[in-house]
Amino acid sequence: MAGRINDDDVKVVRDAVPIDTVVSEYLQLRPAGGGNMKGLCPFHDEKSPSFQVSPSKGLFHCFGCQEGGDTIAFVMKIDHLSFSETVERLAAKAGITLRYEEGGYNPTHQRGERIRLVEAHKAAAGFYVEQLGGEEAAIGRKFLAERGFDQSAAEHFGVGYSPAGWDHLTRFLRGKGFSDKELLLAGLSQDGRRGPIDRFRGRLMWPIRDISGEVVGFGARKLRDDDNGPKYLNTPDTAIYKKSQVLYGVDLAKKDIAKASRAVVVEGYTDVMACHLAGITTAIATCGTAFGTDHIKILRRLLMDNGSARVIFTFDGDAAGQKAALRAFEDDQKFAAETYIAIAPDGMDPCELRLNKGDAAVQDLVEPRTPLFEFAIRQIVSRYDLETPAGRASALDEAGPIVARIKNGASQHEVAVQLAGILGILDTQFVVKRVAQMARWARDRGGRGPAGPASSSSSSASSSSSSYDSGQSPALSGPALNLRSPAHRTERELLKLALQRPELVSPAFDAYGVDEFTAPPYAAVRQAVEDAGGAEQGMASAPEYLAGVREAAPNDAVRALVTELAVEVFHGKTIDEAYAGEQLVRVRLRAVDLRIHDVTSTLARLGTGADHERHQAVQNELWVLQQYRQSLRNSGAAAL
């Protein structure tokens with residue numbers, strides 16, 4: 001595991017790669033006024049652009065779905081990468097060498113090794129693609145054509161051919177400067193009696209890419225009868241390839257999976273090709289291994305645990321396919337998404353279905369779906385004689401615990417009712433109570449009940465995202481945020497000035513207390529500005545200052561609000577010192593008025609019988625406040 005990237009290097013990367021340049025790779029931007037750019041948001045469907053980019057501040061924000069952040073945050077979200085992966089990618093684009101901290105090894109060497117292995121795979125992929133056009137590869141082209149894939153399909157998926165000789169690729173990559181050690185570590189070559197030889201020979205080649213689009217391995221299909229190897233041969237586990245942690249086609253499918261909150265899991269490379277060419281662009285497949293926990297993690301990042309997310313498995317109808325479906329169901333509760341299964345008529349896989357019945361048949365395959373739990377239950381129940389009481393009881397004993405694993409109480413009840421119908425047990429409530437009892441037993445034995453990690457994380461995410469819908473900050477209390485309130489509109493405008501034009505409000509703004517902002521979300525932003533060193537810090541470097549404020553925010557909700565305020569346009573026609581002074585005075589006047597109200601109430605409660613000194617002190621405070629209010633009204637910003 002690589003060490004932590006040096007903080008100073010992260011700042012250099014953030015400043016070196018313009019956010020508008022990066023965003024423009026994914027969507028079209030046009031001027032929005034005030035130096036900002038706008039376009040259609042890549043994170044949700046919209047007809048008019050509400051997605052804004054501020055090149056001068058290095059931030060983006062969507063006023064439709066509320067996504068926002070800096071360049072690093074954008075790449076992390078759109079390409080579904082980790083923080084370190086994103087920084088490394090942007091650093092490579094900008095030609096910046098990163099420094100790493102922690103550990104007792106040389107992470108720079110490790111990262112350098114990874115880059116070399118990725119580069120070797122990229123070169124190998126190009127080599128294989130070029131070979132597919134040669135005379136020897138006619139058998140590979142015939143294989144593709146027989147399955148309905150033409151040259152453009154092969155090019156789209158990067159399909160290639162590995163020559164049948166011993167070391168064609170090895171010699172090619174040596175000529176590109178790669179060492180034998182690197183080729184062995186990459187899994188592209190293997191030890192022979194006289195040195196390294198090609199691992200893949202005489203096969204059709206599918207490049208396997210990680211979620212960022214880098215080639216990290218290959219899947220190779222046998223073409224000739226004299227090939228004694230397995231039907232499919234994959235890259236062995238290497239420093240950059242773990243078959244349990246990659247999904248074939250995810251680089252092509254990730255955006256549509258995230259956009260549609262839907263993924264279709266098929267069994268092979270040609271099935272992925274068939275689905276994509278038929279318009280099912282959310283199809284992915286495992287690479288020679290069962291669908292497991294690490295694959296679920298990848299999909300959850302793409303689906304973002306959306307409550308409406310769907311995962312559809314298309315397994316063959318044979319015994320092996322049914323076994324794979326049951327194995328997938330064992331991990332079903334690790335999804336926040338709903339899972340379904342689709343089995344083609346006559347047991348055909350998507351590739352065969354497209355070839356025999358066309359694209360429409362493939363599209364139909366993933367529409368009439370059966371819930372995976374129902375399929376699993378029916379597979380279990382089918383082994384028992386439901387004509388006898390003993391058979392129904394035994395089927396309930398085996399299928400009941402599966403239903404009991406469903407975390408959501410309402411869903412568990414509904415499925416239990418379905419189970420009663422499948423079993424033919426007329427006393428539905430008996431089955432419901434029996435399943436509930438099994439769920440309690442599982443919890444008592446240490447199993448997680450309805451409030452397991454998936455559901456609790458889902459609810460916590462929900463509460464986090466809605467913390468400002470009600471206007472309540474987790475750490476602050478007070479009146480809810482109301483943009484119709486003149487006071488809240490002024491506070492918002494002042495915070496926008498402090499974030500976007502700090503030179504207009506400094507140093508006066510930094511003397512304002514957090515309690516002068518009556519909306520809790522705005523008070524939280526004011527506190528974040530203070531924790532980041534104050535608005536005066538923004539007069540030196542806007543991107544660095546805003547990054548500091550965002551880092552100082554106590555949670556994602558406040559961080560998102562900082563980003564929103566940093567890119568939102570001002571209400572005033574002319575943004576100058578006079579306009580800034582007006583906002584400063586309005587916020588301060590509001591605070592003074594509230595304080596006068598409180599002191600007046602205190603004075604009334606004290607009455608005439610109160611301690612003279614105490615009464616006099618309160619009266620003096622009231623007089624000073626009234627004088628200050630009058631001065632603010634008469635002199636404006638000069639009285640601050």
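**View 1. Glu67 and Lys77 are joined by a salt bridge.** Helices (H or I, at least four residues) and strands (E, at least two) are DSSP runs, numbered from the N terminus. Glu67 is partly exposed, with a relative accessible area of 27%, while Lys77 is buried at 15%. Here buried means under 20% relative accessible area, exposed means over 50%, and partly exposed lies in between (1.4 Å probe, protein chains only).

The model shown is predicted: local features need pLDDT of at least 70, side-chain atom pairs count only at pLDDT 80 or more, and totals for chains, interfaces and linings use all residues. Residues are numbered from 1 along each chain as its sequence is written, and side-chain values use heavy atoms, with hydrogens and water left out.

**View 2. Arg174 and Asp180 form a salt bridge.** Their closest N and O atoms are 2.8 Å apart. Asp180 is partly exposed, with a relative accessible area of 30%. Arg174 is also partly exposed, with a value of 37%.

**View 3. The side chains of Arg501 and Glu503 meet in a salt bridge.** The N to O distance is 2.5 Å. Glu503 counts as partly exposed at 36% relative accessibility, and Arg501 counts as partly exposed at 29%.

**View 4. Arg262 is a buried residue of strand S14.** This strand comprises residues 262-266. Arg262 counts as buried because its relative accessibility is 17%. The side chain of Arg262 makes a polar contact with the side chain of Glu367 at 3.4 Å. A polar contact is a pair of N or O atoms within 3.5 Å; within protein, one must be able to donate a hydrogen and the other to accept it, and residues adjacent in sequence count only if both atoms are side-chain atoms. Leaving aside residues up to four places away in sequence, Arg262 touches Ile257, Thr282, Leu303, Arg310, Ile312, Val366, Glu367 and Arg369, where contact means heavy atoms within 4.5 Å.

Key: A salt bridge is a side-chain nitrogen of Lys or Arg within 4 Å of a carboxyl oxygen of Asp or Glu.
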